[in-house]
Amino acid sequence: MVTDLIRIPCVRNLIFRDHLQSYPESILNVTLHNVIITHKQADGNYKELWIFYTNMDAIQPKFPMKNEFRSQLPLSPSLSSIYTIIVRLKTLETCYFDVPVLDDAIKLAESLDALITNTDGLTCDVTFLFPFCFPRDFEVIQDGWTAFSVESEFSRLQAISDEWRISDVNKDFAICETYPERLVVPKSITDDFLKRSASFRSYGRFPILCYLHKSSKSCLIRCAQPLVGPSVRRCKEDEGLVNAMLTQRHKKGWILDTRHQNIVKNAQSKGGGCEPDQHYALWKRHHRHLDKQNVLQESFMKLMDACTDQSEKDRWLSKLESSNWLLHVKEALTTACIVAQTIDCEETSVVVHGSDGWDTTLLITSLAQILLDPDCRTITGFEALIEREWIQAGHPFRVRCTRSAFGKTSHGQESPLFTLFLDCTWQLLQQFACSFEFNDALLIELFQHAYSSKFGTFIFNNEKEKKKYNGIKHTVSLWSYFNRPEILHTFLNPFYEPNLHVLWPSVAAPSIILWRSLYLRFYENQTPQREVWDEYLLIKEKEIQLRSYVNKLRQELLELERKCTEKNSNTTSMIKMEKDPVTTIT
């Protein structure tokens with residue numbers, strides 16, 4: 001039982017420290033889902049801080065943990081006996097527990113270590129996580145679970161083209177466990193074709209439409225690698241499905257593979273591969289290698305190692321460069337720009353896939369849509385994009401977000417791909433500050449909830465898992481919380497002016513900058529940036545007030561002009577009547 005993992009339920013008289021200050025005489029209670037730290041504030045009132053085990057990335061006891069060393073240290077408190085446990089959080093914050101008694105410190109460290117392991121993305125019981133126990137403490141105005149249905153997205157598609165339909169071929173996840181049950185496919189393709197195509201694609205992830213460009217009618221399509229293998233297998237139904245997404249207007253298409261050619265060859269020797277040119281003659285292939293999983297995870301860890309390094313500036317810059325994180329951002333944006341250019345300028349459809357189609361594939365298709373589709377730059381449209389291209393598309397959030405930038409990998413499947421997507425979006429927000437309805441507060445909140453949340457949106461690996469555990473009934477959607485007016489207001493960009501054009505960002509190295517408000521928000525003073533932003537908001541609010549006042553004056557002026565014109569007209573009529581001779585008839 002989980003209760004057996006709690007070796008000490010309460011620790012008193014500890015000093016709790018965060019990036020802001022220290023709180024002496026704090027009380028720490030260990031519960032099933034989180035620790036509760038009660039500390040005294042400057043005004044004398046007590047405040048509770050909850051830290052979930054799902055948010056704990058690593059613990060670092062600054063004292064010997066092995067039994068043979070216990071006898072070397074005193075078990076009773078003294079002026080010099082403070083035993084510190086450093087807790088690194090997935091949301092990138094660092095906390096310190098200074099415990100006065102060694103035995104209490106050891107038991108607390110052992111308890112935290114066991115409870116963190118119990119939330120591992122591969123082995124934990126999902127229904128035990130806090131979102132299944134979270135009481136809904138706010139009024140739900142809009143149910144986030146039903147806000148972004150396939151039907152609502154399909155209605156937008158029908159306004160552009162009538163060549164598509166919704167298929168129930170995957171009902172009960174019959175042919176693909178990581179796709180949703182309802183999918184948008186070409187009208188000309190039967191469900192039998194889809195089934196055969198699914199058997200030819202890794203994990204059954206056959207080609208499906210994820211975006212149709214309004215002006216060029218070009219398609220953005222995603223899938224997993226074909227199971228070609230060493231014998232170069234062929235599937236005519238898969239070829240027919242892919243070709244059906246080429247309209248008469250577009251005779252050729254591009255297949256963008258997010259793997260290096262050497263990796264593709266290795267995959268083919270193991271049963272995977274890429275589309276053979278002779279069987280997919282209407283498609284040209286292009287390789288753009290994007291790192292994922294271990295390489296990306298290591299890069300993220302090196303990035304945060306640089307961000308937490310308080311040493312001299314030269315060393316910090318050297319660490320930042322060697323992390324290669326900004327290079328990953330640059331490569332992702334460059335690839336997305338290639339896709340957007342092909343769809344918009346060359347008016348050519350694009351198929352995107354890597355190995356399994358639920359990592360780098362989703363990164364590129366979602367970024368390309370932000371560049372191409374102005375709706376994706378609104379708050380609602382951005383939420384819909386994440387729901388459609390990440391959650392419903394089967395990105396395994398629970399596995400990928402098991403560890404963040406500080407914890408040791410437990411199964412080698414952790415990867416900050418969603419963080420990379422948010423970082424790329426932030427880069428676009430910096431270059432096109434007026435083209436997005438939201439500010440970076442929304443992106444930071446999404447980062448935090450992806451790693452640890454009291455909502456059910458990001459705790460499942462796919463839609464099948466969500467249905468299996470009845471997540472819609474037993475958990476609350478993050479969108480239900482975000483879309484409340486008082487929360488939504490904090491995400492609004494006051495400088496937003498709808499931009500209907502395609503975005504063409506600079507991907508030159510000097511244009512890609514560090515997202516300081518995320519990675520450094522706990523390690524450098526953010527006050528100057530906040531003060532500047534607050535000043536911007538005041539200026540914008542004053543501008544809105546002045547514009548409103550000017551409009552009011554214009555209305556008053558128009559009303560005065562109307563009255564003046566009416567008065568002049570009446571006066572003219574009276575003068576005319578006085579001048580006209582009166583004729584009397586007898």
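A salt bridge is a side-chain nitrogen of Lys or Arg within 4 Å of a carboxyl oxygen of Asp or Glu. The side chains of Glu181 and Lys467 form such a pair, at 3.1 Å from N to O. Glu181 sits in the loop between S8 and S9, and Lys467 sits in helix H15, so the bridge ties together parts that are 286 residues apart in sequence. Glu181 is partly exposed, at 21% relative accessibility. That value falls just within its class, because buried means under 20%. Lys467 is partly exposed too, with a relative accessible area of 45%.

The model described here is predicted. The protein has 586 residues, and buried residues make up 51% of them. Its secondary structure comes to 20 helices and 14 strands. The C-alpha trace spans about 135 × 75 × 50 Å along its principal axes. Contacts between residues at least 6 apart in sequence were also examined. Of these, 73% join residues at least 24 apart.

Salt bridges were considered next. The structure holds 31 of them. A bridge between Glu177 and Lys464 has an N to O distance of 3.0 Å. This pair links distant parts of the chain, 287 residues apart. Glu177 belongs to the loop between S8 and S9, and Lys464 to helix H15 (residues 463-468). Glu177 is partly exposed, at 47% relative accessibility. Lys464 is likewise partly exposed, with a relative accessible area of 32%. The loop between S8 and S9 thus contributes Glu177 to a bridge with Lys464 of H15, and Glu181 to a bridge with Lys467 of H15.

Arg182 and Glu151 meet through their side chains in a salt bridge of 2.2 Å, N to O. Arg182 lies in the loop between strand S8 (164-167) and strand S9 (183-186), and Glu151 lies in helix H3 (residues 150-158), so the bridge ties together parts that are 31 residues apart in sequence. Arg182 counts as partly exposed, at 30% relative accessibility. Glu151 is also partly exposed, at 36%. Elsewhere, salt bridges join into a network. Its members are Glu153, Arg156, Arg222, Asp373, Asp375, Arg388 and Glu389.

Helix packing was examined for H9 and H13. Two packed helices are described by the angle between their axes and the distance between the axes. Helix H9 (residues 325-344) packs against helix H13 (residues 417-431) at an angle of about 75°. Their axes are 10 Å apart. The two helices are therefore roughly perpendicular to each other, because angles of 65 to 115 degrees fall in that class. On the H9 side, the contact is made by Trp325, His328, Val329, Ala332 and Leu333. On the H13 side, Thr419, Leu420, Asp423, Cys424, Gln427 and Leu428 take part. By class, the contact has 7 nonpolar, 3 polar and 1 charged residues.

Two loop residues have a backbone feature of note. Tyr203 has a phi near 55°, a positive value in a residue other than glycine. Tyr203 is placed in the loop between helix H4 (191-199) and strand S10 (208-212). At 55% relative accessibility, Tyr203 counts as exposed. Glu347 also has a positive phi, of about 55°, although it is not a glycine. Glu347 is found in the loop between H9 and strand S14 (349-353). Glu347 is partly exposed, with a relative accessible area of 32%.

The loop between H4 and S10 also holds Arg201. Arg201 counts as buried, at 2% relative accessibility, whereas Tyr203 in that loop counts as exposed. Neighbours within four places in sequence are left aside in describing the contacts of Arg201. Arg201 is then in contact with Phe206, Pro207, Cys223, Ala224, Gln225, Pro226, Leu227, Asp238, Val242, Glu275, Tyr280 and His353.

Thr117 lies in helix H2 (residues 102-117). The side chain of Thr117 reaches the backbone oxygen of Asp113 at 2.9 Å. Thr117 is partly exposed, with a relative accessible area of 46%. Thr117 and Asp191 are 74 residues apart in sequence. In space, the pair is 43 Å apart, C-alpha to C-alpha.

Terms used
Residues numbered from 1 in each chain as written. Predicted model: local features only at pLDDT ≥ 70, side-chain atom pairs only at ≥ 80, totals over all residues. Heavy atoms only, no water. Axes fitted to C-alpha atoms, helices over the stretch in contact; angles between N-to-C directions. Helix = DSSP H or I, 4+ residues; strand = E, 2+ residues; numbered from the N terminus. Parallel < 35°, antiparallel > 145°, perpendicular 65-115°, else oblique. Contact = heavy atoms within 4.5 Å. Nonpolar A, V, L, I, M, F, W, Y, C, P; charged D, E, K, R; others polar. Buried < 20%, exposed > 50% of the residue type's maximum accessible area, 1.4 Å probe, protein only. Polar contact = N/O pair within 3.5 Å; in protein donor to acceptor, adjacent residues only side chain to side chain.
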